[in-house]
Amino acid sequence: MVLAEILRHPRFELVGVGVSNPEKIGLDAGDLCGAPKTGISATGSVAELIALRPDAVVHYGPTAQFADENIRVIGDFLRAGIDVCSTAMTPWVWPSMDKIPGVWRDPISEACATGGASCFTTGIDPGFANDLFPMTLMGLCGEVQSVRASELLDYTDYEGDYELEMGIGKPPEYTALLEHPDLLIMAWGPTVPMIAEAAGIDLERITTTWDKWVTPVDRPSAKGTVRAGTVAAIRFTVNGIHHDREVITLEHVNRIGLDAAPDWPSGIRDDVYRVDILGSPSISQETSFRFTDGSGRTPAIAGCLATGMRALNAVPAVNNLPPGWVTALDLPLIAGTGTIR
């Protein structure tokens, strides 16, 4: 999806495409995204991409489950002096978080220093929906008593990973990976200390909650049937505690079917990201991602495109920053130069 946007964008020039699927090597970039031929062939070689000397690489690699491979690929670009904007290693949204292991952080710090390059990681949640959105709205307040950023999504059409990670489709006694508090905080909670840093406060601790909802009926999904008696919705929170009070909350409610877990939070619209601030003034903002081109693509796919475009549109700003880690707090307003045409 992002490749198609690059090809028609007046601000960006595509100079190379890297792929991990061997079946795509040698294909024209246009063929990969349903666009006319470009004369640019996909490669599986990082060295070939480095030889093109791009201004930056936008990296849509796998999740942190494949950390070693992500670190190897991103590190090679950085050591060659090429800035990287990525959506892969979402704990890097706030790389100074103390729960991130040194083996995930130190090689990238070294690579940035060696190549004089910068590394920016973003996502949707963790990412702009719970860092850019809430922090922007907090800037409109005189006082913030609490801020909550919520993802409220129906996963019926979602094809991403959630079985092992969230336990959706599993028996209720199954312990999902993210049920472990330390893992949940590292994987989904890095924007909690980021918001605290932006607000100028110290957190005493970060806590988590996890709830499951078991479906009484079979539920169809893009990944197969979620059977009756298994988990069809999960709700978790990651909470920043200040002065023994929960002041920053990240919340997920992910369900198979809009009628699942009917007592849990939903948006005014379906499939939304929501920010609620209690303060002076109190603010509520709900954001939905949709395609209106008649393609029938789902809100989940629209959110994926928005995530990819956040990384792409950040490239010029990241190019202008000093070498090292880049977070949402380091970036200027990314207004989408060249998007109106």
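Contact means heavy atoms within 4.5 Å. By that rule, Asn239 touches Arg205, Ile206, Thr207, Thr208, Thr209, Glu246, Ile248 and Thr249, leaving aside residues up to four places away in sequence.

This is a predicted model, in which local features need pLDDT of at least 70, side-chain atom pairs count only at pLDDT 80 or more, and totals for chains, interfaces and linings use all residues. Numbering starts from 1 along each chain as its sequence is written, and side-chain values use heavy atoms, with hydrogens and water left out.

Asn239 lies in strand S10 (residues 231–242). Strands are DSSP runs of E, at least two residues, numbered from the N terminus.

Buried means under 20% relative accessible area, exposed over 50%, partly exposed in between (1.4 Å probe, protein chains only).

| Residue | Relative accessible area | Class |
|---|---|---|
| Asn239 | 2% | buried |
| Cys85 | 0% | buried |
| Cys119 | 0% | buried |

The structure holds 0 disulfides, a disulfide being a pair of cysteine sulfur atoms within 2.5 Å. For Cys85, the nearest cysteine sulfur is that of Cys119, 8.2 Å away. The sulfur of Cys119 has its closest cysteine sulfur in Cys112, at 5.5 Å, too far for a bond.

Cys85 also pairs across a sheet: its bridge partner in S5 is Phe120.

Note on methods. Helices (H or I, at least four residues) and strands (E, at least two) are DSSP runs, numbered from the N terminus. Two strands pair if DSSP finds at least two bridges between them.
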